[in-house]
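User: I would like to learn how to read the features of a structural model, one at a time. Please give the general idea first and then the case at hand.

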Amino acid sequence: MTSLPSEPSPAAGPSPHTTTTDMRIAEVKRRLLREASSAVSMLERSLAAMWEMDVPAAKAVRVADDRIDLEEVAIETECHEILTLHHPYARDFRSISFILKVNADVERIADHASSVAKIVNRIAGYQIGTPAWPMALTELGARVPVMCHHMLRAVMDDDVALAREVVAGDEVIDQLDRRLFDEV
């Protein structure tokens with residue numbers, strides 16, 4: 001019984017069989033990971049701004065959201081171009097579909113970070129000092145960025161087991177979300 005050759009790692013460089021489509025998909029995936037990393041960083045910075053009521057930091061998050069919005073459109077455009085001009089199938093089609101789906105979700109993470117930053121600006125106008133945050137909110141603020149980092153690691157490493165752990169961990173997030181409404 002013969003085994004199939006494994007795909008070369010991206011660090012090894014393109015193989016002689018790498019096509020233009022493969023290289024374009026790899027590049028758009030790298031862009032997606034950079035965009036996702038920026039969005040998660042925005043989320044972390046917006047949460048830090050909220051815990052400390054740091055208005056300048058919150059304003060910086062709002063500005064960063066515009067860059068994420070532009071990159072989301074650029075990645076989507078690139079994916080549609082690959083679909084249109086190269087007619088990918090099988091693995092390539094699945095990769096492009098994955099990138100399109102995750103790209104929209106990453107943009108939502110950035111939007112949520114921007115929403116947190118807006119709240120900081122609004123509360124800072126009425127509040128003196130830092131509010132006493134509900135416990136479920138502080139737990140969510142600690143857990144969600146960690147889950148996002150695990151999700152990024154799963155995507156970078158094509159780690160199915162880690163991806164399943166992230167999905168399973170979502171139930172805890174849902175429970176905290178319900179608890180937050182009760183606390184508030």
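**Reading the model**

Analyst: Buried means under 20% relative accessible area, exposed means over 50%, and partly exposed lies in between (1.4 Å probe, protein chains only). Residues are numbered from 1 along each chain as its sequence is written, and side-chain values use heavy atoms, with hydrogens and water left out. This is a predicted model, in which local features need pLDDT of at least 70 and side-chain atom pairs count only at pLDDT 80 or more, while totals for chains, interfaces and linings use all residues.

User: What is the mean pLDDT of the protein chain, and which residues have a pLDDT below 50?

Analyst: pLDDT is the predictor's confidence in each residue, from 0 to 100. The mean for the protein chain is 88, and 90% of its residues reach 70 or more. Residues 1-12 are where the pLDDT is below 50, and beyond near neighbours in sequence this stretch has two contacts in the model; a contact means heavy atoms within 4.5 Å. Where pLDDT is low, the predicted coordinates should not be read in detail.

User: How many helices and strands are there in the protein chain?

Analyst: Helices (H or I, at least four residues) and strands (E, at least two) are DSSP runs, numbered from the N terminus. The protein chain has five helices and zero strands, and the pattern along the sequence reads α-α-α-α-α. Of contacts between residues at least 6 apart in sequence, 82% join residues at least 24 apart.

User: Where is Leu 140, and which residues does it touch?

Analyst: Leu 140 lies in helix H4. Not counting residues up to four places away in sequence, Leu 140 touches Pro 145, Ile 173, Leu 176, Asp 177 and Leu 180.

User: How many residues are in the largest nonpolar core, and which have the most contacts inside it?

Analyst: In soluble globular proteins, nonpolar side chains tend to be buried together. A nonpolar core is a set of buried Ala, Val, Leu, Ile, Met, Phe, Trp, Tyr and Cys residues joined through side-chain atoms within 4.5 Å. The largest one here has 41 residues, and Met 42 and Ile 99 have the most contacts inside it. Elements giving two or more residues to this core are H1, H2, H3, helix H4 (135-157) and helix H5 (160-183). H1 gives the most, with 12 residues. Leaving out residues up to four places away in sequence, Met 42 touches Val 61, Ala 64, Asp 65, Ile 68, Ala 110 and Ala 113. Over the protein chain, buried residues make up 32% of the 184 residues.

User: How many salt bridges does the structure hold?

Analyst: A salt bridge is a side-chain nitrogen of Lys or Arg within 4 Å of a carboxyl oxygen of Asp or Glu. The structure holds 14. Among them is the pair Glu 81 and Arg 24, with the closest N and O atoms 2.6 Å apart. This pair links distant parts of the chain, as Glu 81 is in helix H2 (residues 55-86) and Arg 24 in helix H1 (residues 20-52), 57 residues apart. Glu 81 is partly exposed at 34% relative accessible area, whereas Arg 24 counts as buried at 18%.

User: What separates Lys 101 and Asp 105 in helix H3?

Analyst: Lys 101 and Asp 105 form a salt bridge, the closest N and O atoms being 3.3 Å apart. The two are four residues apart in helix H3 (residues 91-126), so about one helical turn separates them. Asp 105 is partly exposed, at 28% relative accessibility.

User: Which side chain makes a polar contact with the side chain of Glu 78?

Analyst: A polar contact is a pair of N or O atoms within 3.5 Å; within protein, one must be able to donate a hydrogen and the other to accept it, and residues adjacent in sequence count only if both atoms are side-chain atoms. Glu 78, in helix H2, makes such a contact with the side chain of Arg 24 (2.8 Å). Leaving aside neighbours within four places in sequence, Glu 78 is in contact with Arg 24 and Val 28.
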